[in-house]
Amino acid sequence: MIPLARRTIPLRAEPAPRRPRATPKGRQVTPQARERVQALCADLPERRDLLIEHLHRLNDAEGVLRHGHLAALAERLRLSQVEVFEVASFYHHFTVVDDEAELPATVVRVCTSLSCAMAGGESLLADLQGQLVGQARVEAAPCMGLCHAAPAASVGQRQLPRASAEAVQGLLARGETGPRPLPAPAPREMAQLRRLLSGELSADAVLAELKASALRGLGGAGFPAWRKWETVRAQPGPRHLVVNIDEGEVGTFKDWAVLTDPQAGALQMLEGALIAAQVVGADRVWLYLRDEYHDARQHLAQALGMARETLATLQQTFPHFQVPAIELRRGAGAYICGEESALIESIEGKRGLPRLKPPIVALHGVFGQPTLAHNLESLWWVPVVLARGGAWLAAQGRRGRSGLRRFSVSGRVRRPGVYLAPAGITLNELVHEHAGGLCEGHTLYAYLPGGASGGILPASLADVPLDFDTLAEHGCFVGSMAVVVLSQHDRARDAALNLMRFFEHESCGQCTPCRAGTARAVQLLQAPVWDAPLLGELSQVMRDASICGLGQAAPNPVDSVLRFFPHEVTEGGAA
């Protein structure tokens, strides 16, 4: 053994100095791409949270998102190219292609969700795919909010109710691919906001009226509005207000109807939002509108311009009034962004991935700050509650329920549409008092009380009150109050398969129970005879382990079929 003192440690040779790279890592930005992005996005601030708005500018102009333009956009916003690509590839309305790819600029989307499928949407899709080769890209699409005018399609940014191949071809031939023009909103004084600013109404009085009205969140969860306001108000500032107008639930189109009403639509909602912001102390308001509603976006932009003029006048009258900053954000085709935390991620310019809870968004919302998140319709009711009194709204309703509800009614009824009806109304009453009864030759077989997530009920339960908390014993819920009516010409199993395909398509993929569970369920539902034990296990895992309500509620239609329509999926009954 060599004595310790005599050991020598060989010196490691110094590495040769690295020569600096001639170019940075990643795709190189060409001058042409840089100039194109600059020209299209020149008026947008270079903020990371505006990434999706930048992507829309590029996609609207080019019809696609090219890799070179994405690299130039990453450079402009000082983001990595990976960050830009992962957001661009997440949303359904963005198509990422190579720089050399040549594709038709116009996208024709055909709705294949339940109401449109019942009205021939699948056949229309197949016809257009055969007829429009080289003229447009034809894609199947989830619910577009035109369930009352099925089958629905969109040609570029033009929504097309009661679509046909001839109508689509006509729009393309005439180049009519922009938003449909809508009547301008009528001016509004914002009298209830003025009462609040003048001191005639205090913030506490507003909360008291909200509490007396029993107004609940009308996006699906039904949480008491006053409680949300109090929670956010109690948090340290700065605070935010988010208006969720991303209704994507199959069968739902009530928010579109409210928003685009020229007499009492967007401006009334904006007044409610401004009252809420004043009461809870929010200094920024975010309006998040689903991308399918291009015509409504123009209408809302008009209303915003009118509201800003009114607010400028109010600020002169009430110098203490700090007008909150209001930003209109555009979704990009992702049902998951109807979930409030996923929507907030999207507002921040990210993929719409739901957040783990706790903390709830009232405590940790936009940019980590306390946030009041509300559905559009909930805020629309606020000026009404303050004008008529909370007790007036609470007194409406049937069978012990409180308030009025807007129901989106589609399917096998004579007059599909949005109907304002008392809380607690039954399906039979809703159809016959408002929707004109069932179509000629049809009898009631089943119905969806709350869109894709709410389950499927048989005709024998058509006299159950439709409201929050009334359907739980039947494994269903009213949710966004999207009612789809099925007749003897339909099968509940087909409806469940259609809805599960929707969930599979719209799963964000973040958690395995939802991502893999919806895909596996689609496979199982195509068997002539359903494997009830396996579907039951799958349903339980999805409910227990999914991060958000999409995966937790996706099994509802399947469970409903097994419970109420077993004759369709068992030996001897399955066809």
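In which sense do strand β13 (residues 444-448) and β15 pair, and over how many bridges? The two strands pair in the antiparallel sense, over four bridges. Pairing requires that DSSP finds at least two bridges between two strands. Strands (E, at least two residues) and helices (H or I, at least four) are DSSP runs, numbered from the N terminus.

The model is predicted: local features need pLDDT of at least 70, side-chain atom pairs count only at pLDDT 80 or more, and totals for chains, interfaces and linings use all residues. Residues are numbered from 1 along each chain as its sequence is written, and side-chain values use heavy atoms, with hydrogens and water left out.

In β15, V484 is the bridge partner of L448. Strand β11 (residues 404-411) also pairs with β15, in the parallel sense and over four bridges. Here V409 stands opposite V483.

Strand β15 (residues 482-487) is largely enclosed by the rest of the structure, because six of its six residues are buried. Buried means under 20% relative accessible area, exposed over 50%, and partly exposed in between (1.4 Å probe, protein chains only). A482, V484 and L486 cover one side, while V483, V485 and S487 lie on the other.

A nonpolar core is a set of buried Ala, Val, Leu, Ile, Met, Phe, Trp, Tyr and Cys residues joined through side-chain atoms within 4.5 Å. The largest has 161 residues, and L55, W229 and F407 touch the most other members. Helix α12 (residues 266-280) gives the most to this core, with 11 residues. A second, separate core of 16 residues includes V110, L124, L125 and L172.
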